[in-house]
Amino acid sequence: MSTIVLPRTLEIGHDSIKRLPNVLQGLKSKKLLIVTDNMMVKLGYLNNLQTILSQAGIESDVYSDTVPEPTAASIQAGIEKVRSADFDSVIALGGGSPIDSAKAIAVIGKLGGVINEYRFPRQVEEQGLPIIAIPTTAGTGSECTRVTIITDEKTDEKLMCMGTGFMPTAAIVDYNLTLSVPARTTADTGIDAMTHAIEAYVSRKANLYSDSQALCAMKLIGPNLRKVYHDGNDKVAREAMMLGSTLAGIAFSNASVALVHGMSRPIGAFFHVPHGLSNAMLLPAVTRFSLESAKQRYAVCARTLTFAQETDSDDVACEKLINTLVELNRELSVPTPAEFGIDKQQFFSVVETMAKQAEASGSPNNNPRIPTIEEMVAIYTQLWN
C-alpha cells in the first residue's frame with residue numbers, strides 16, 4: 001500500500017505563470033508574502049510576478065534575502081515577517097533554495113518553533129500557510145515534494161524536514177522561466193533531477209505509482225540534458241527538462257531518495273557545494289557501489305535514459321549506465337572536489353562525520369545496497385581518485 005501526496009493544483013506549460021491569479025482565487029488568498037532571492041529581483045522575474053498580481057488586485061509583500069543552500073539564520077527574518085503580519089499564503093519564486101526557504105517560513109511562521117524541532121524523523125503533518133511554488137530551474141522538483149532541506153550553520157549539518165506540511169498547495173511549472181538559467185546551473189539542476197528519477201526507481205520504497213513517474217521523468221531528461229546545457233534557448237528541450245524535473249520530484253517525494261542524496265547533503269553543508277553539483281560528483285561512484293543489488297532496475301534506467309539500447313542485456317546496459325554517467329560529468333564540466341576548491345586535508349578530516357550524518361538522515365537505508373559507515377567513507381575517498 002502507498003500513500004501518494006501531491007499539490008492540489010499543478011499549472012504546467014508555456015506562460016502558465018499568468019494563471020497565478022486564478023490559482024490564488026481558488027485559495028481565497030488576498031495577502032501574499034513572496035519569498036525569493038536577489039537574482040530573481042535582478043532578472044526582473046519578481047517585477048513580472050508583482051505586475052501580474054497587481055493587475056488582478058492582489059496585495060503582496062516580498063522577502064528576497066534567501067540564500068543558496070538556506071540556513072536557519074537565513075530564513076529567520078522571513079519567519080519573523082510572517083509572524084508580524086496577517087499573510088494568508090506564501091509564494092515561492094526561484095530555484096530549490098528559495099522554495100525550500102519558503103516551505104520552512106510558511107510552516108514555522110504559522111506553527112512556531114525553530115527548524116531543528118522539525119527535522120526527520122518527525123513527520124510534519126500540521127499545515128502552515130498555503131504555499132504556491134513557482135520554480136525557475138529544472139532540477140530540484142521541490143515544487144511537488146513534501147521535503148525541505150535547511151542547514152544548521154552551528155553544526156554544519158543539513159536538516160531534512162519531511163511531511164505533508166511542506167507540500168505546496170499549488171505549483172506553477174512554466175519552462176519560460178528557465179530560459180535565462182546559465183549553463184552551469186542548468187547542468188547542476190538537470191543532474192539533480194536525473195538523480196531524483198534514478199534513486200526513486202531503485203529505492204527500497206519504490207512503488208507502482210512512483211515507478212511510473214520516475215520512468216516518464218527519465219524519458220524526458222535523458223535525451224535533453226545535454227541539449228539544454230549546450231543551447232539554453234532550445235525551448236523544446238527546456239520544456240522537456242522542466243516537466244521531467246517535476247515528475248522526478250513527484251517520484252522521489254513518494255518513494256524517497258537514497259544513498260546519493262544521503263552522502264551529498266554533508267558535502268554541501270561542510271563545503272558549500274551546490275546540491276546538484278555534489279549529487280553529480282557522487283552519482284557514478286554510488287551507482288557502481290549499488291549496481292549488483294538492483295541490476296535489473298539500473299538496466300531499465302539505462303535504457304529509459306537512452307544511455308543503452310533496448311536490446312542490450314542487463315549487464316551491458318549497466319556498464320553503459322556507469323560509463324555514460326562518467327562521460328556526462330566530463331561533458332557538463334562537473335568538477336571533482338579538488339577542482340571545486342575543497343581542501344583535501346579538511347575534506348578527509350570530516351569524511352567520517354559526513355558518513356555519520358548521511359546515515360542519520362535515513363536516506364542510505366532506502367538504497368538497494370545499504371552501506372556501512374566504512375563503505376561510505378570509502379566512496380567519499382574515491383572522489384579524490
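**A tour of rings, helices and one serine**

Six aromatic pairs are counted here, where rings of Phe, Tyr and Trp (its six-membered ring) pair if their centres lie within 6.5 Å. This is a predicted model, in which local features need pLDDT of at least 70 and side-chain atom pairs count only at pLDDT 80 or more, while totals for chains, interfaces and linings use all residues. Residues are numbered from 1 along each chain as its sequence is written, and side-chain values use heavy atoms, with hydrogens and water left out.

Select F270 and F271, whose rings form a tilted pair, 6.2 Å centre to centre with 40° between the planes (under 30 degrees counts as stacked, over 60 as edge-to-face and the rest as tilted). Both F270 and F271 are buried, meaning under 20% relative accessible area with a 1.4 Å probe and protein chains only.

Next, select helix α16 (residues 351–361) and helix α17 (residues 373–382), which pack at an angle of about 120° with their axes 9 Å apart; helices are DSSP runs of H or I, at least four residues long, numbered from the N terminus. Among the residues that meet are V351 and M354 in α16 and I373 and Y380 in α17, where contact means heavy atoms within 4.5 Å.

Finally, go to S245 in helix α9 (residues 235–253). Is S245 buried or exposed? S245 counts as buried because its relative accessibility is 1%. Leaving aside neighbours within four places in sequence, S245 is in contact with A138, G139, T140, G141, A193 and I221.

Conventions
Axes are lines fitted to C-alpha atoms, for helices over the stretch in contact, and angles run from 0 to 180 degrees between N-to-C directions. Helices (H or I, at least four residues) and strands (E, at least two) are DSSP runs, numbered from the N terminus. Buried means under 20% relative accessible area, exposed over 50%, partly exposed in between (1.4 Å probe, protein chains only).
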